[in-house]
Structures are given as structure tokens and as C-alpha cells.
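Trainee: Could you take me through one part of this model closely, namely its nonpolar core, and tell me what surrounds it?

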Amino acid sequence: MKHAIRAAAAAAALFTITACGSGGTQNTAGLAVQSPATPPADPSDMGSPSASASPGADGVKKAGEAALAAVEGTVTGLDSDDGVWKVTVVGADGAESKVRVDAMTWKVVGTPSAEADDDAEKAKHKARAEAAKISYSDAAEKVAGEYPDATIEELSLDRDNGTVVWEADVTTADGAKAKVKVNADDGSVVSPSASPESTG
């Protein structure tokens, strides 16, 4: 009789342990084994900031490369706006095309659009592009050399007092705005001067 009571008590205890552990993974003995907690996410896997907001020349160079993969020609302008680079490419005939490049994926957004330029405008674009011996990527490196921690917001090919220059608008690490001009013929950094001419 005592043996029967002890057996019943043991069975009841085993049932209670098993029931209490039903929320976890059970082992062969019926005891609950708590599943390990999911480790916190690694911050490095959370994604990186937009490259368009990254210091240095990388964003400019990647945007230009993506645009040239879509449209053949010479990059004469890049403008970062809300996570998208707007790239201007001048073709062999002087016609301008606008290419939008996503600053996270570095893929072209939509279809490149051709500008409705007349012959005089095309000739102007072509002459300016051909006068530039320094490419947009080399100019971006020069700008980054002047402001290593700054973000290049815009880079465009213009004429400044008769000289073809790459003009960059940058934002420094402390939020200050600055302008850098690079001689498009020899790559020298020139002092700030009057606004680029609207013609030529």
C-alpha cells in the first residue's frame, strides 16, 4: 500500500514539472529547458548611412560611374539631393542627359532623360567638356584633399573668369558650408573668386 502511494505521488510530481515547463523546449526527462534568448542585433548589420552623406570623394565617384554605365559621355555635373545623385552627362554631340542614381544602391533610378538643347547649347556643352583635362573623379579627390572630413554636396564643371573649373559645394564636419574650385586643366586648387560665368 505504501509503495502504491509513493508511486502515485511521484507520478503527480512529474506531471506538475512537465506542465510547468510546457512553455519551453522539453528534454527526454520531461523537464523544461528554456530556449536561449535571441542575441541583440549587431549595430554593424543595421545598415550604413547614405553614401551621399559620407565624407570624401567616394559618393561622387560611385554616382558618376553608375551614370556612365547607363549613358556614354563625359560627366560634367553631380548634385546630391535627398538620397539621390543627379548626374549630368554630355554626349559626343554635346547633348546633355540627366541620370538619377540612388545613393544607397548605386543603381540608376528611372530612365535617363535627354535635355532639349539647341545646336548652340550643345556646342557650348561639348567645348566645356573637351576643355576639362581633369575628370570629375580626379576633381573630387582634390576637393577631398582640401576638406578630408567634408561631404561633397555638388560638383559641376563651369567657367570662372575664362578658366574651366570644377566647382564643389561642401559641408564640413561641423556643418559649415564651403566652396572649392579646381582648375580643370591642371588640377590645381584655385582661390575662391566670382561666381562662375553663366555662359560658356
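Mentor: Of the 34 residues in the largest nonpolar core, the ones that touch the most other members are Val 60, Leu 78, Trp 85, Val 87, Val 101, Leu 155 and Trp 166. Such a core is a set of buried Ala, Val, Leu, Ile, Met, Phe, Trp, Tyr and Cys residues joined through side-chain atoms within 4.5 Å, where buried means under 20% relative accessible area, with a 1.4 Å probe and protein chains only. The model is predicted, so local features need pLDDT of at least 70 and side-chain atom pairs count only at pLDDT 80 or more, while totals for chains, interfaces and linings use all residues. Residues are numbered from 1 along each chain as its sequence is written, and side-chain values use heavy atoms, with hydrogens and water left out.

H2, S3, S4, S5, H4, S7, S8 and S9 are the elements that give two or more residues to this core; helices (H or I, at least four residues) and strands (E, at least two) are DSSP runs numbered from the N terminus. The largest share, five residues, comes from H4. In that helix, residues 136-146, the buried residues are Tyr 136, Ser 137, Ala 139, Ala 140, Val 143 and Ala 144. Seen down the axis of H4, these fall within an arc of 155 degrees, taken from the directions from the helix axis to the C-beta atoms, so they line one face of the helix. They pack against H2, S3, S7, S8 and S9. Leaving aside residues up to four places away in sequence, Val 60 touches Leu 78, Trp 85, Tyr 136, Ala 140, Ile 152 and Leu 155, contact meaning heavy atoms within 4.5 Å.

Terms used
Buried means under 20% relative accessible area, exposed over 50%, partly exposed in between (1.4 Å probe, protein chains only).
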